[in-house]
Amino acid sequence: MSELKSIDIRQMFSKARCELLLVFLAVFLIYISNLYYDYKKDLSKNGNDLILTHDGYRNTLTSVDNVPNVFLPYLILEKHTIYFDSILNVVKRFEDLNAPHPYFLLPTDGGLISVYPLASAFISLPFYVLPFLLKNPDLNFYENIMLLLVISRVVAAFITAISVALMYLAISKISNRKWLNLLLVAFFAFGTPLFTIASRGLWMHTTSLLLISLLIYILLKNELNKRSVFWMSLLMGVLVLIRLTNIIIVIPVGLYLLIQNKKNLFPVLLGGLPAILTLMYTNFLFYGSVLSNGYVARDDFHWTTSYLESLPGYFVSPARGFLFLTPLLLIGFSLIFKFNKLSLLYKMFMAICLIQILVMGKWWAWEGANAFGARMLTEIIPFLFVLTVEVVKNVKHKILLALMIVLVVYSILIHSIGVFNKKSRCAELDNWNFNCLVPLK
């Protein structure tokens with residue numbers, strides 16, 4: 001009898017692994033489905049095998065902000081450096097040939113460094129090793145520059161697909177309706193900024209989502225011993241190294257761990273210590289002060305937007321708002337009316353969402369510049385997604401289920417337009433019109 005039971009358990013876990021692998025592969029393949037088309041289109045537009053032109057990358061590279069993370073692995077593997085001086089003439093072609101250096105680079109005593117934190121590039125570095133073993137790219141040739149862009153897109157899609165798979169595991173902890181979980185994870189993968197932003201380039205958002213999804217999965221497993229808390233603290237430390245504003249996530253999660261068990265203080269501090277020391281050292285090395293960062297160093301640290309502009313933008317703008325882009329996620333916000341009855345974990349998730357909206361709502365580029373949707377809120381999508389699942393997991397009324405399916409299909413359609421027709425771009429001038437929601441003519 002016990003032997004039969006162990007066989008059933010093994011079969012169950014084997015089936016779960018296959019299911020998870022299928023989710024990952026399906027998402028990954030859809031994410032890269034138009035990469036070859038984008039690549040061929042850029043090749044046809046460039047018109048020169050030796051010189052990168054403005055039209056020769058605009059389909060494959062969705063944002064120039066991604067350039068540092070695209071080329072840093074190359075610099076580390078081929079030049080054994082993190083400074084961009086040796087390829088300055090290459091990366092200048094993505095912005096302004098006449099400027100001393102692009103806006104995404106900063107001169108330091110050691111050389112030109114990325115304005116953005118380096119952690120995302122180091123996380124994606126292992127994915128570059130195999131392609132580099134197969135071919136040593138010479139950046140004097142346009143085709144090799146394009147090769148790096150293609151690799152970066154594949155890596156971004158791979159990392160984001162892992163994030164989706166982790167969130168599928170996570171929501172399976174709170175909902176046992178498999179068909180509903182698959183529907184909702186399809187929405188998460190293709191009806192949110194994971195499709196239009198994270199999977200389309202090596203943003204800081206891309207690697208942040210990977211660690212956030214892993215954190216949420218561990219939290220929902222609710223197995224908080226000293227070892228798991230230590231590893232979670234390590235993850236949270238890396239989150240801050242990826243993107244400083246991730247402190248908005250790290251502090252509430254850290255407080256939650258301490259409230260759950262005061263004995264967690266030591267593993268929390270110990271796990272976060274490497275990141276704190278790394279951040280202080282790199283800030284001092286690159287910017288001359290442990291309290292500085294790339295944004296401060298280039299005088300780009302401005303919190304000047306009025307909430308009268310950003311809050312309506314985040315909720316009802318046709319180009320940036322939840323109402324028009326991801327209306328299903330608005331259901332997650334409804335739990336704020338039951339805040340006192342929520343578990344401490346869900347209270348923490350809601351707090352993270354609200355604080356992020358309030359903080360990024362003051363940022364001068366609150367809308368995320370020329371990206372599709374509200375890019376600056378990308379990191380709260382997994383938290384809000386879990387809250388939404390909690391609301392809808394027991395819905396059985398046919399009309400409500402039909403409405404939910406309609407909202408999922410609508411969001412996937414809108415974000416598909418953002419990917420295939422808009423190339424993940426939406427101009428700031430279109431914040432309050434419908435140009436970003438309709439296909440190109």
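Is Ala369 buried, partly exposed or exposed, and what is its relative accessible area? Ala369 is partly exposed, at a relative accessible area of 26%, where buried means under 20% relative accessible area, exposed over 50%, and partly exposed in between (1.4 Å probe, protein chains only). The structure is a predicted model, in which local features need pLDDT of at least 70 and side-chain atom pairs count only at pLDDT 80 or more, while totals for chains, interfaces and linings use all residues. Residues are numbered from 1 along each chain as its sequence is written, and side-chain values use heavy atoms, with hydrogens and water left out.

The protein chain contains 19 helices and 2 strands; helices (H or I, at least four residues) and strands (E, at least two) are DSSP runs, numbered from the N terminus. Its radius of gyration is 22 Å, close to the 22 Å given by the globule rule for 441 residues, so the chain is as compact as a globular protein of that length. The radius is taken over C-alpha atoms, and the rule is 2.2 Å times the number of residues to the power 0.38. Along the principal axes, the C-alpha atoms fill a box of roughly 65 × 55 × 55 Å.

Of the 441 residues in the protein chain, 55% are buried. Among contacts (heavy atoms within 4.5 Å) with a separation of 6 or more, 74% are between residues 24 or more positions apart.

Aromatic pairs number 30 in the structure. Rings of Phe, Tyr and Trp (its six-membered ring) pair if their centres lie within 6.5 Å, and planes under 30 degrees apart count as stacked, over 60 as edge-to-face and the rest as tilted. The ring centres of Tyr74 and Phe132 are 6.2 Å apart with planes at 55 degrees, so this pair is tilted. The pair links distant parts of the chain, with Tyr74 in helix α3 (residues 67-79) and Phe132 in helix α5 (residues 119-134), 58 residues apart. Tyr74 and Phe132 are both buried. The pair of Trp363 and Trp364 is also tilted, because the ring centres are 6.3 Å apart and the planes lie at 45 degrees. Trp363 counts as buried at 7% relative accessibility, whereas Trp364 counts as partly exposed at 43%. Ring pairs join Trp363 and Trp364 with Tyr116, Tyr295, Phe301 and Trp303 in a cluster.

Ala369 lies in the loop between α17 (344-360) and α18 (381-392). Although Ala369 is not a glycine, its phi is positive, at about 55 degrees. Ser424, also not a glycine, has a positive phi of about 65 degrees. Ser424 is placed in the segment after α19 (398-421) and is buried, with a relative accessible area of 2%.

Leu323 belongs to helix α15 (residues 322-325) and is partly exposed, with a relative accessible area of 40%. Leaving aside residues up to four places away in sequence, Leu323 touches Phe315, Val316 and Leu330. A separation of 26 Å lies between the C-alpha atoms of Leu323 and Ser172, which are 151 residues apart along the chain.
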